[in-house]
Amino acid sequence: MLDAAAELLVRWGYRRVTIEDVAAHAGIGKGTVYLHFHTKEALFLTALLRGYRSVVAGMVERMRADPEEVLPGRMVRSLFVALLSDPVARPVYFGDTEMLGRLAKEAMNTLGPLRQRGIELNRLHYELLREAGLLRTDRTVAAQHYLVQAVGAGFWYLEPFELPSAPADPAERAELQEYLLVAALEPADRPDPTVELAETVAQLYESLLDAVDEELRRRIRSDGASEERNR
């Protein structure tokens with residue numbers, strides 16, 4: 001079901017795909033889909049949550065391969081490139097604002113604890129960087145996290161518009177995000193991130209993978225179980 005939903009999302013876009021389409025593409029009855037997902041939003045959010053797991057796993061791998069990846073600017077740069085190259089993520093994050101709005105509402109209602117866990121990990125991550133002298137301390141951690149989110153969101157929002165001033169190479173557009181965040185967040189004399197620090201931060205986000213896995217199991221299991229109780 002989740003594979004079928006992701007494939008149709010890429011092929012047709014969110015607005016055109018129905019539960020019936022997903023069922024037909026997966027070769028099952030639509031009642032089976034409704035057994036696990038009570039709404040279209042719940043189905044697609046779960047499909048995207050699985051994609052989010054891949055995003056986090058990629059971050060962990062990059063941190064272990066290159067300690068510079070723990071820095072917010074480099075993280076945003078790498079994430080931008082990774083999402084642009086993902087056929088499912090690209091239309092979601094860089095184009096369909098209506099779908100993002102609908103799924104954001106669904107996420108607020110059903111993914112509160114997981115979202116809160118992510119916020120807490122970001123806080124711990126930034127505190128570790130500040131203690132290591134890798135981030136400036138003239139702003140709060142919350143302000144720095146907001147700045148990173150706002151810069152990323154701005155670049156992602158503008159991506160579909162193909163502005164004349166935008167560099168043609170996606171890698172250069174990604175580098176500009178890093179350039180901006182380095183100037184805003186990093187001290188001029190920062191040291192190089194250590195392998196030990198990178199491993200500590202990687203383990204933080206690795207723990208998020210377990211939480212995502214549990215949420216995926218819960219969403220599929222609980223929706224199906226609740227439907228069975230209502231029969």
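Colleague: With which side chain does the side chain of Glu68 make a polar contact?

Modeller: First, the term. A polar contact is a pair of N or O atoms within 3.5 Å; within protein, one must be able to donate a hydrogen and the other to accept it, and residues adjacent in sequence count only if both atoms are side-chain atoms. For Glu68, the partner is the side chain of Arg190, at 3.2 Å. Keep the source in mind: this is a predicted model, where local features need pLDDT of at least 70, side-chain atom pairs count only at pLDDT 80 or more, and totals for chains, interfaces and linings use all residues. Residues are numbered from 1 along each chain as its sequence is written, while side-chain values use heavy atoms, with hydrogens and water left out.

Colleague: Where is Glu68 found?

Modeller: Helices (H or I, at least four residues) and strands (E, at least two) are DSSP runs, numbered from the N terminus. Glu68 sits in the loop between α4 (40-65) and α5.

Colleague: What does Glu68 touch?

Modeller: Contact means heavy atoms within 4.5 Å. Setting aside residues up to four places away in sequence, Glu68 touches Arg74, Arg190, Asp192 and Pro193.

Colleague: Let me zoom out. How many helices and strands does the protein chain have?

Modeller: There are 11 helices and zero strands. Of the 231 residues in the chain, 42% are buried; that word means under 20% relative accessible area, with exposed over 50% and partly exposed in between (1.4 Å probe, protein chains only). Now take the contacts with a separation of 6 or more. Residues 24 or more positions apart account for 72% of them.

Colleague: I picked a helix, α10. How many residues does α10 have, and how far does it reach?

Modeller: The expected span of a helix is 1.5 Å times one less than its number of residues. Helix α10 (residues 170-185) has 16 residues and reaches 23 Å from its first C-alpha to its last, close to the expected 22 Å.

Colleague: Which residues of α10 are buried?

Modeller: Arg173, Ala174, Gln177, Glu178, Leu181 and Leu185 are the buried ones. They lie on the same side of α10, because they cover an arc of only 145° around the axis. That arc is taken from the directions from the helix axis to the C-beta atoms. The cover over these buried residues includes α5 (72-84) and α9 (141-158). Turned away from the buried side, the other face carries exposed Tyr179 and Ala183.

Colleague: What happens at the start of α10?

Modeller: Look at Asp169. One of its side-chain oxygens reaches to within 3.0 Å of the backbone nitrogen of Ala171.

Colleague: How many salt bridges does the structure hold?

Modeller: A salt bridge is a side-chain nitrogen of Lys or Arg within 4 Å of a carboxyl oxygen of Asp or Glu. The structure holds 18. A network of them links Asp66, Arg74, Arg77 and Glu178.

Colleague: Show me a pair within a helix. With which residue does Glu127 form a salt bridge?

Modeller: With Arg123; their closest N and O atoms are 2.7 Å apart. An α-helix has 3.6 residues a turn, so residues three or four places apart point the same way. Glu127 and Arg123 both lie in α8 (residues 112-131), four residues apart, about one turn. Glu127 is partly exposed at 28%, and Arg123 is partly exposed at 32%.

Colleague: And which residue pairs with Arg218 in a salt bridge?

Modeller: Glu215, with closest N and O atoms 2.7 Å apart. Arg218 is partly exposed, at 32%, whereas Glu215 is buried, at 11%.

Colleague: How many aromatic pairs does a search of the whole structure find?

Modeller: Rings of Phe, Tyr and Trp (its six-membered ring) pair if their centres lie within 6.5 Å; planes under 30 degrees apart count as stacked, over 60 as edge-to-face and the rest as tilted. The search finds one pair. Tyr157 and Phe161 form it, tilted, at 5.4 Å centre to centre and 50° between the planes. Phe161 is partly exposed, at 49%.

Colleague: One last residue. Is Pro187 buried or exposed?

Modeller: Buried, at 19% relative accessible area. Pro187 is placed in the loop between α10 and α11. Its C-alpha is 7.7 Å from that of Gly133, 54 residues away along the chain. Neighbours within four places aside, Pro187 is in contact with Gly133, Leu134, Leu135 and Arg136. Arg136 also forms a salt bridge with Asp138, closest N and O atoms 2.6 Å apart.
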